[in-house]
Amino acid sequence: MIELAFSILASDFAHLADEVAAAERGGGTIVHIDVMDGHFVPNITFGPPMVKALRPITKLPLDCHLMIEDPDDYIPAFAQAGANMISVHQEVCRNLHRTLQHIAEHKALPGVVINPATPVDTLVEVLPMVHFVLVMSVNSGFGGQQFLPLAVDKIAHLARLRKQMGLNFRIEVDGGVALDTVASVVQAGAEMLVAGSAVFEKGRTEQNAVELLRVARAAAPAG
Ligand code: DX5
Ligand code: ZN
């Protein structure tokens with residue numbers, strides 16, 4: 001099932017509740033929250049208080065993409081604030097298996113993220129324990145960057161692995177997903193589409209979401 005995970009990083013923060021409502025009316029079904037620490041990535045965004053503030057204004061699942069060092073230290077706080085999905089970067093986890101267990105123990109759905117330079121095969125051992133894999137199609141850190149086509153082959157590779165291993169984790173993609181790139185990632189097997197700029201640009205949030213989902217669903221493989 002194709003789903004739109006709208007990234008609030010690109011929204012108008014002064015009207016956050018209205019922005020979330022508009023993206024939801026446009027068909028968005030996941031709120032994607034980009035957590036950045038100024039260490040793992042060169043940008044600082046939000047922490048658990050943002051998750052807590054969003055929790056009462058929407059029933060949609062809150063998807064926390066942790067671009068932070070030492071994510072284990074913060075998983076309990078994000079879970080307690082209301083995160084439903086928590087993903088961590090392969091690149092920062094020395095004990096990735098344990099960190100994913102930690103997320104599940106806190107009753108959130110565990111996901112693992114790989115940056116563009118990280119091969120899919122580094123995840124093989126943990127695939128049976130994740131609910132989703134997030135393939136970055138830009139280098140983590142900022143919204144509004146250009147889509148990197150190398151993500152398409154990585155998504156297709158993951159979809160093949162999933163079949164070979166008899167698993168059912170979901171594939172999420174993040175970065176530069178827009179009207180001109182969404183078909184390629186959907187055709188390769190991505191189902192959870194993160195989009196920030198493409199949803200919130202030009203003050204047309206609802207229409208942008210409708211249009212992006214329409215193009216994505218038209219490209220979805222049958223079945
Ligand atoms: C980048 C973030 C993305 C970002 C996507 O590090 O993980 O979620 O907000 O923004 P767009 O859709 O503008 O590329
Ligand atoms: Zn993200």
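Guide: A polar contact is a pair of N or O atoms within 3.5 Å; within protein, one must be able to donate a hydrogen and the other to accept it, and residues adjacent in sequence count only if both atoms are side-chain atoms. This is a predicted model, where local features need pLDDT of at least 70 and side-chain atom pairs count only at pLDDT 80 or more, while totals for chains, interfaces and linings use all residues. Residues are numbered from 1 along each chain as its sequence is written, chains are lettered from A and ligands numbered from 1 in the order in which they are written, and side-chain values use heavy atoms, with hydrogens and water left out.

Visitor: With which side chain does the side chain of histidine 89 make a polar contact?
Guide: Histidine 89 sits in strand β4, residues 85–89 (strands are DSSP runs of E, at least two residues, and helices runs of H or I, at least four, numbered from the N terminus). At a distance of 2.8 Å, its side chain pairs with that of glutamate 91.

Visitor: Is histidine 89 buried or exposed?
Guide: Residues that histidine 89 touches, leaving out those up to four places away in sequence, include Phe40, His65, Met67 and Asn115 (contact means heavy atoms within 4.5 Å). Buried means under 20% relative accessible area, exposed over 50% and partly exposed in between, with a 1.4 Å probe and protein chains only. The relative accessibility of histidine 89 is 0%, so this residue counts as buried.

Visitor: In which loop is aspartate 70 found?
Guide: Most residues other than glycine have a negative phi. Aspartate 70, not a glycine, has a positive phi of about 50°. Its relative accessible area is 47%, so aspartate 70 is partly exposed. Its place is the loop between β3 (62–67) and α3 (75–81).

Visitor: What is the relative accessible area of lysine 107?
Guide: Lysine 107 also has a positive phi, near 65°. It lies in the loop between α4 (96–105) and β5 (109–114). Lysine 107 counts as exposed because its relative accessible area is 73%.

Visitor: What is the radius of gyration of the protein chain?
Guide: The protein chain has 8 helices and 8 strands. For 223 residues the globule rule gives 17 Å, and the chain is close to that, so it is as compact as a globular protein of that length. The rule is 2.2 Å times the number of residues to the power 0.38, and the radius is taken over C-alpha atoms. The radius of gyration of the protein chain is 16 Å.
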